[in-house]
Amino acid sequence: MPVMIDAPRSVRLAQRHVGDPAPVAARRRGWLAQNGCLATADGTAQFRSRAVRQCLDVAAVLRRYREPLPGETWRTPASAERRLLAQLDALLALGKAALCQAVALAFDGDVAEPDRVFAATLLLGCTAERAWLNILCERAALACSRSPPEAAAAVEGLSLAPRGDLGAALAPWLGEADPRLRASAVRVLGFRGELAERDWQRALQDADAGVVLAAARAPLHAYDARACESALLPLLGRASESLTRAVLRAGATLRSPALHAQARRCTQADGAWAQACLSMAMHGDLGDVALLRSVLHSPNWRDGVAAAACLGAAALVPDLLALQGAAEQAGRIAVRHVDRD
């Protein structure tokens, strides 16, 4: 999940509020009325209602622009992210009524709106009042319990929310009976750097596979490396590819010799499974060149190319050039066959 380049701050609505809608001008007869130039009976309030919907929907759409596309750098979506923050500023300035409307639009009981859930969750997380924190936790819990897309959206919004007291408010979720709430709490608190190591260890031993996977993907830089290694190694005995991939990636983060050895074993068996060869390359050990070369000359060569780019070993350049030449030759042969037909 990308981190916002210009982190928002929590604000008090009273300090940002632009004021209540202005009184509407009385209708008069004449050419102004005939040409529709006078306000309707609820003109200003109606305008604000439309503005809330538009700002919320723009923020929802911009969620999709936050992660760079292939070939883009992390700086490419910067303008879209600033525009997202501008929508939140506008909504906060419109006050309590705007936030209530945003909540009603995003957390619809009948229609799932994941992108709106993200926008509204982040919006409420930019407030400073306690009452909005209670509403945020209540609505986010509902989203996390409804469907995976809504849960992912709520987790993303909660992770980026600037409220300093949000972590403490979400900590009780770690003990909830619903495993979806436990997994969401692990993801959010881990991203925010507020997941205690003892809670991380407990999550790794959870009976629910989703909670265990969320813990295996959590950032580990603040924990004891040896304790993490000891906790992660037993998870490799499970058959889940996604869990194995997460554990091997965590091993690269920890620079764990034991998990590096496990990544090598998985690469020898099948380098593409759980992206084992990529996790192995992340350790930056040039002693893996020979094993990675064997992947480049196997049916899993595409995974080998990604791993070779990660390792950055000059010794693999001839192998990569040979692959390029073979691909170009195969392309020319295919073109000749088409011409003959």
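# Briefing on an all-residue view of one predicted chain

R255 lies in the loop between α14 (241-254) and α15 (257-270), where helices (H or I, at least four residues) and strands (E, at least two) are DSSP runs numbered from the N terminus. R255 is not a glycine, yet its phi is positive, about 55°. This is a predicted model, in which local features need pLDDT of at least 70 and side-chain atom pairs count only at pLDDT 80 or more, while totals for chains, interfaces and linings use all residues. Residues are numbered from 1 along each chain as its sequence is written, and side-chain values use heavy atoms, with hydrogens and water left out.

**The chain as a whole**

- The protein chain has 19 helices and 0 strands.
- Of its 341 residues, 43% are buried; buried means under 20% relative accessible area, exposed over 50%, and partly exposed in between (1.4 Å probe, protein chains only).
- Among contacts with a separation of 6 or more, 68% are between residues 24 or more positions apart; a contact means heavy atoms within 4.5 Å.

**Positive phi values**

- Most residues other than glycine have a negative phi.
- A274 is another residue other than glycine with a positive phi, near 60°.
- A274 is found in the loop between α15 and α16 (276-281), and at 0% relative accessibility it counts as buried.
- A glycine, G312, follows α18 and has a positive phi near 70°.

**Helix α18**

- In helix α18 (residues 301-311), the residues G304, A307, A308 and L311 are buried.
- Seen down the axis of α18, these buried residues fall within an arc of 105°, so they line one face of the helix; the arc is that of the directions from the helix axis to the C-beta atoms.
- R302 and A309, on the other side of α18, are exposed.

**The largest nonpolar core**

- A nonpolar core is a set of buried Ala, Val, Leu, Ile, Met, Phe, Trp, Tyr and Cys residues joined through side-chain atoms within 4.5 Å.
- The largest core has 97 residues, and W173, W200, L232 and L292 touch the most other members.
- Helix α7 (residues 130-146) supplies the largest share of this core, 8 residues.
- Leaving out residues up to four places away in sequence, L232 touches W200, L204, L220, V247, A250, L254 and L259.
- In soluble globular proteins, nonpolar side chains tend to be buried together.

- A185 is found in helix α10 (residues 179-191) and counts as buried at 1% relative accessibility.
- Leaving out residues up to four places away in sequence, A185 touches L170, W173, L174 and G190.
- The C-alpha atoms of A185 and A214 are separated by 9.1 Å, although the two residues are 29 residues apart along the chain.
- D57 lies in helix α3 (residues 43-62) and is partly exposed, with a relative accessible area of 27%.
- D57 and Q87 are 30 residues apart along the chain, and their C-alpha atoms are separated by 9.2 Å.
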